[in-house]
Amino acid sequence: MTIRMTAVTSALALIALTGAAAQAADTQWRAELKPLNAATAGSEASATATLGVSGDTLTIRIEASGTAPGVMHLQHFHGFTTGDGTSACPTGAADTNGDGIIDLIETEPGAGITMVPFHANPVSLAIVADSYPTAGADGTYAYEQSVSLAALEDAFGDAFPGQNLDFDRRVIFLHGVPADTDLPNSVQSLGDVPAHVTLPIACGTLDPAAD
Ligand SMILES: [Cu+2]
């Protein structure tokens with residue numbers, strides 16, 4: 001009797017798993033990124049980002065425009081490393097030192113920290129890298145990268161214990177203005193990385209998408 005019950009339970013579990021897998025096959029998140037620091041950047045950067053999951057494959061696509069031509073643009077999702085808070089894109093109120101510029105460090109109270117980089121190897125979680133996309137002469141670029149979702153989840157869990165990817169709690173930032181941009185010394189950056197590299201130029205919240 002016990003054996004039969006187990007068999008029935010297993011069959012039900014299998015059905016449930018199959019259903020979950022079918023549902024996950026078309027899961028997609030989208031973010032519409034709006035400009036930040038446009039006066040400093042000299043152009044209004046915007047982008048559409050999608051994260052699509054099919055089986056174990058996560059495909060990240062970002063199409064950007066209005067970004068500084070010939071400049072490599074760091075791009076990541078940012079989030080909170082503790083708790084279950086939802087990140088928000090900064091408003092003018094984030095400029096706590098009043099220099100007229102929302103720098104990377106000033107985005108942290110509302111958006112959290114840099115988590116997953118969108119360059120040639122997102123699973124590495126290496127923030128400093130030279131394989132982020134570079135905008136063409138027209139200020140646009142298109143980025144596409146596919147990774148193993150399981151591998152990214154593993155790396156993410158190691159880097160941020162207790163956190164899951166939870167895309168719908170995260171925001172995507174684009175960064176980077178030309179090296180000759182006149183930035184005041186009050187503009188903060190990450191470690192030794194020059195401020196013009198990490199200056200946020202666009203942000204958008206990730207939300208579940210229908211298609
Ligand atoms: Cu970032």
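Strand 4 (75–79) is largely enclosed by the rest of the structure in this predicted model, because five of its five residues are buried. Q75, F77 and G79 point one way from the strand, while H76 and H78 point the other way. In a regular strand, side chains alternate between the two faces of the sheet.

Strand 4 has partners in strand 7 and strand 5. With strand 7 (171–175), strand 4 runs antiparallel and is joined by four bridges; F77 sits opposite I172 in that pairing. Strand 5 (113–117) is likewise antiparallel to strand 4, again through four bridges, and here H78 has T114 as its bridge partner.

The largest nonpolar core holds 41 residues, and I172 and A202 are the ones with the most contacts inside it. Strands 1, 2, 3, 5, 7 and 8 each give two or more residues to this core, and so does helix 4 (149–159). Leaving aside residues up to four places away in sequence, I172 touches A31, L33, A49, Q75, F77, C203, G204 and L206.

Just past the end of helix 3, G112 adopts a positive phi of about 85°.

Away from the strands, A135 is found in the loop between strand 5 and strand 6 (141–148). A135 touches T67, A68, P69, G70, V71, H73, T140 and Y141, not counting residues up to four places away in sequence. M72 is 63 residues from A135 in sequence, yet their C-alpha atoms are 6.5 Å apart.

As for the overall picture, the protein has five helices and nine strands, in the order α-β-α-β-β-β-α-β-β-α-β-α-β-β from the N terminus. Of its 211 residues, 35% count as buried. Among contacts between residues at least 6 apart in sequence, 70% join residues at least 24 apart.

Conventions. Residues are numbered from 1 along each chain as its sequence is written. This is a predicted model: local features need pLDDT of at least 70, side-chain atom pairs count only at pLDDT 80 or more; totals for chains, interfaces and linings use all residues. A residue is buried if 20 or more other C-beta atoms lie within 10 Å of its own, exposed if 12 or fewer, and partly exposed in between; C-beta atoms are placed from the backbone. Two residues are in contact if their C-beta atoms, placed from the backbone, lie within 7 Å. A nonpolar core is a set of buried Ala, Val, Leu, Ile, Met, Phe, Trp, Tyr and Cys residues joined through C-beta atoms within 7 Å. Two strands pair if DSSP finds at least two bridges between them.
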